[in-house]
Amino acid sequence: MGAVARRPIAAVTALVLFLEAIGVVFVNYVLGRVVDGQSMSLAGLDPDAMATGAWALGGVAGLFLAVCGVFLLVAAVQDRAPARPVRILLIVCAVVHGVLGAAMVGLVSWWAFAWMMVVLGLLVLSLLMYGTRDAQPRGAAPVKPAAPQTGPDLRPTSP
């Protein structure tokens, strides 16, 4: 399953992250509009600042998810493992999904938790399917390790 399924899994994960990015931006836009329209305040904060914060958070979160999706799409198209910084970014994305999924159970619903866990599973599966970046180029013959020497080196040395 490994080499055959990793490209479609990475592509599906990228598509899911793109859809999630659009959803996060939309939800934060709506929340900002509601806060702005109702002049809501929390602990004396300025309603305009809260609306701007909701819009900014939506933009940053959407951008983060879209960037992760782009990197997974590149990995799927090239069929190569992502570089170490990209892997770290994808791991951070997976951890964020796990933490938010745990919070979703109490705050939203079990369906939201299930969605977050599906995305978490796709991220982890994508990371595991590609493993680490190969040390040798694609199509190269595998390098055989040298046979271990068991005795002292008795070859003559040149002066």
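I began with the fold and read the chain along its sequence as α-α-α-α, with four helices and zero strands; helices here are DSSP runs of H or I with at least four residues, strands are runs of E with at least two, and both are numbered from the N terminus. I note that this is a predicted model, in which local features need pLDDT of at least 70 and side-chain atom pairs count only at pLDDT 80 or more, while totals for chains, interfaces and linings use all residues. Residues are numbered from 1 along each chain as its sequence is written, and side-chain values use heavy atoms, with hydrogens and water left out.

Burial. Of the 159 residues of the chain, 26% count as buried, where buried means under 20% relative accessible area, exposed means over 50%, and partly exposed lies in between (1.4 Å probe, protein chains only).

Salt bridge. I looked for side-chain nitrogens of Lys or Arg within 4 Å of a carboxyl oxygen of Asp or Glu, and the count came to one salt bridge. The side chains of D79 and R6 form this contact, at 3.0 Å from N to O. D79 sits in the loop between helix 2 (47–78) and helix 3 (84–107) and R6 in helix 1 (residues 2–38), so the pair ties together parts that are 73 residues apart in sequence. I then checked D79 on its own: its relative accessible area is 9%, and therefore D79 counts as buried. D79 also has a positive phi of about 55°, although it is not a glycine.

I looked up I9, which is found in helix 1 and is buried, with a relative accessible area of 12%. The C-alpha atoms of I9 and L122 are separated by 7.2 Å, while the two residues are 113 residues apart along the chain. G23 is also found in helix 1, but at 31% relative accessibility G23 counts as partly exposed. From G23 to G58 I noted 9.2 Å, C-alpha to C-alpha, for a pair that is 35 residues apart in sequence.

Nonpolar patch. I found a nonpolar surface patch of about 720 Å², made by F26, V27, Y29, V30, L31, V34, M40 and W55. Patches are made of residues with over 30% relative accessible area and no salt bridge, with like charges joined within 9 Å and nonpolar side chains (Val, Leu, Ile, Met, Phe, Trp, Tyr) within 5 Å; the areas come from the Shrake-Rupley method with a 1.4 Å probe, and for residues only the protein chains shown count as cover. Helix 1 gives the largest share of this patch, six residues. Y29 lies in helix 1 and, at 43% relative accessibility, counts as partly exposed.

Largest pocket. I used a 1 Å grid over the protein atoms alone, on which a pocket is an open set of points with protein on both sides within 12 Å along at least five of seven lines, and lining residues have an atom within 4 Å of a point. About 530 Å³ of space lies in the largest pocket, the volume being the space filled by probe spheres set on the points, which are joined across faces, edges and corners. Of the 21 residues that line this pocket, the closest to its centre are E20, V24, L100, M104 and M116. The elements that give two or more residues to the lining are helix 1, helix 2, helix 3 and helix 4 (110–130), and the largest share, seven residues, comes from helix 1. By class I recorded 17 nonpolar, three polar and one charged residues in the lining, with Ala, Val, Leu, Ile, Met, Phe, Trp, Tyr, Cys and Pro taken as nonpolar, Asp, Glu, Lys and Arg as charged, and the others, Gly among them, as polar.

Terms used
On a 1 Å grid over the protein atoms alone, a cavity is a set of points where a 1.4 Å probe fits but cannot get out, and a pocket is an open set with protein on both sides within 12 Å along at least five of seven lines; lining residues have an atom within 4 Å of a point.
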